[in-house]
Number of protein chains: 2
Amino acid sequence: MAKATDPKSNDDAPTRRANDAAAATRRPSDAVTAAWIALMRAQQVAMRRAERALRRAELPAYGWYDALWELEKAGEDGLRIGEIEQQMLVAQSNVSRLVDRLEAASCIVRRPCPTDGRAQLIVITDAGRAVRARMWPIYAEVIQSVVGDHVNDADASLIAAILAPVIADRGD
Amino acid sequence: MAKATDPKSNDDAPTRRANDAAAATRRPSDAVTAAWIALMRAQQVAMRRAERALRRAELPAYGWYDALWELEKAGEDGLRIGEIEQQMLVAQSNVSRLVDRLEAASCIVRRPCPTDGRAQLIVITDAGRAVRARMWPIYAEVIQSVVGDHVNDADASLIAAILAPVIADRGD
DNA sequence: GCCACATTCATGCGATTGCATCAAGTTTGA
DNA sequence: TCAAACTTGATGCAATCGCATGAATGTGGC
């Protein structure tokens, strides 16, 4: 019997036409489909718990941590909006507005880019570093309880290694 | 050197206090943290591409597929809102409204539950099955190009197996 | 130098989300 | 039998999302 959550269609054949675009005719294997589902569900579980934990602790949402950490790594030179977008993998408009919120909370400052008048450099402030530092213990606990308590280090490394090419592929 | 996306804080020590709640003092290993990041990023890549592909094909969003597939598996008996919620792992209010949209599109019908006047049974219609069938080729292509093209079947099965306990844990 | 095109970021908009709450129905216990 | 507690699903609301678009700036061909 198929896995309970297998989304494979048993009736896709009738819907397939001889001259569908080639792209639409490729079918993932059962194993690949199972991995996809696991990926989606596991992330949903993880994200939900992270957001809830942060909210309960009266801390900002997950996206703030993500952005602040990237900015902290970037240091005094800051990052452009577009660079944050590439790191975080969220839509540009959302980065723009997230930065608005971070600025309103004094977590970052916008500085004009000396070499490109269109761009701006987003630089983290001490207040921003402090916010990130306060978020980390809560976030860390969620990572540990969601992943660490169920997956040993070897398997965890395996997951990161297997998924690396998936993440690297920006095709589309 | 630490991985570029390692969110581990180098300055969490100063923020740690002797009598923090025990829950907030657990720290994930580097491997577990890397797995967490891989999970989040890979799912973001996957979801974005699925949503875009479906939109380009003028098909409904990912959530519709998920719900319709659960309902199709459930057959004529249908599912309660709460059962769909557990399968899809989204908030109850969102299931309620997703079902509204599915109903408006004639993809499902609501039937009173014979044994519980509060509940209702959501049953997929032929139109709903047709919509899911039209979505599958697009969805399948994304699964293949995002996961299948980068991960072999053995690794895919490994991912599903390793993540299973993560998904199963509904603690919190 | 100048004009067409590309890039960078902001913003209007409609859709969707989660949380809190509510109404209706069911179960429990005395 | 009746009231308190619980369960089920709907809804108001504010926040956030992605897309489409716009304004400002930069780049390259002539």
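Between chain B and chain A the count is 10 salt bridges, a salt bridge being a side-chain nitrogen of Lys or Arg within 4 Å of a carboxyl oxygen of Asp or Glu. One of them joins the side chains of B:Arg26 and A:Glu141, with 3.0 Å from N to O. This is a predicted model, in which local features need pLDDT of at least 70 and side-chain atom pairs count only at pLDDT 80 or more, while totals for chains, interfaces and linings use all residues. Residues are numbered from 1 along each chain as its sequence is written, chains are lettered from A in the order in which they are written, and side-chain values use heavy atoms, with hydrogens and water left out.

**The interface of the two chains**

Across the interface of chain B and chain A, 21 residue pairs are in polar contact, both residues being at pLDDT 80 or more; a polar contact is a pair of N or O atoms within 3.5 Å, and within protein one must be able to donate a hydrogen and the other to accept it, while residues adjacent in sequence count only if both atoms are side-chain atoms. On the side of chain B that touches chain A, at least two residues each come from helices H1 (12-15), H2 (30-56), H3 (62-74), H4 (81-88), H6 (126-148) and H7 (153-168) of chain B, where helices are DSSP runs (H or I, at least four residues) numbered from the N terminus. H2(B) gives the largest share of this side, 20 residues. By residue type, this side of chain B divides into 44 nonpolar, 15 polar and 21 charged residues; Ala, Val, Leu, Ile, Met, Phe, Trp, Tyr, Cys and Pro count as nonpolar, Asp, Glu, Lys and Arg as charged, and the others, Gly among them, as polar.

The contact, meaning heavy atoms within 4.5 Å, takes 80 residues from chain B and 81 residues from chain A. The two chains bury about 7700 Å² between them, 63% of it on carbon and sulfur atoms; buried area is the accessible area (1.4 Å probe) that two parts lose on being put together, summed over both.

**The DNA strands**

DNA strand C is surrounded by 21 residues, the closest being A:Ser96, A:Arg97, A:Arg110, A:Gln120 and B:Asn94; a residue is near a strand if one of its heavy atoms lies within 4 Å of it. Sugar and phosphate make up 58% of the atoms of DNA strand C that come within 4 Å of the protein. The residues of this surface divide into 3 nonpolar, 8 polar and 10 charged.

Around DNA strand D there are 21 residues, of which A:Asn94, A:Gly117, B:Ser96, B:Arg97 and B:Arg110 come nearest. Of the atoms of DNA strand D within 4 Å of the protein, 61% belong to sugar or phosphate and the rest to bases.

| Residue | DNA atom | Distance |
|---|---|---|
| A:Gln92 | base nitrogen of DNA strand C | 2.9 Å |
| A:Ser96 | phosphate oxygen of DNA strand C | 2.4 Å |
| A:Gln120 | sugar or linking oxygen of DNA strand C | 2.7 Å |
| B:Gln120 | phosphate oxygen of DNA strand D | 2.8 Å |
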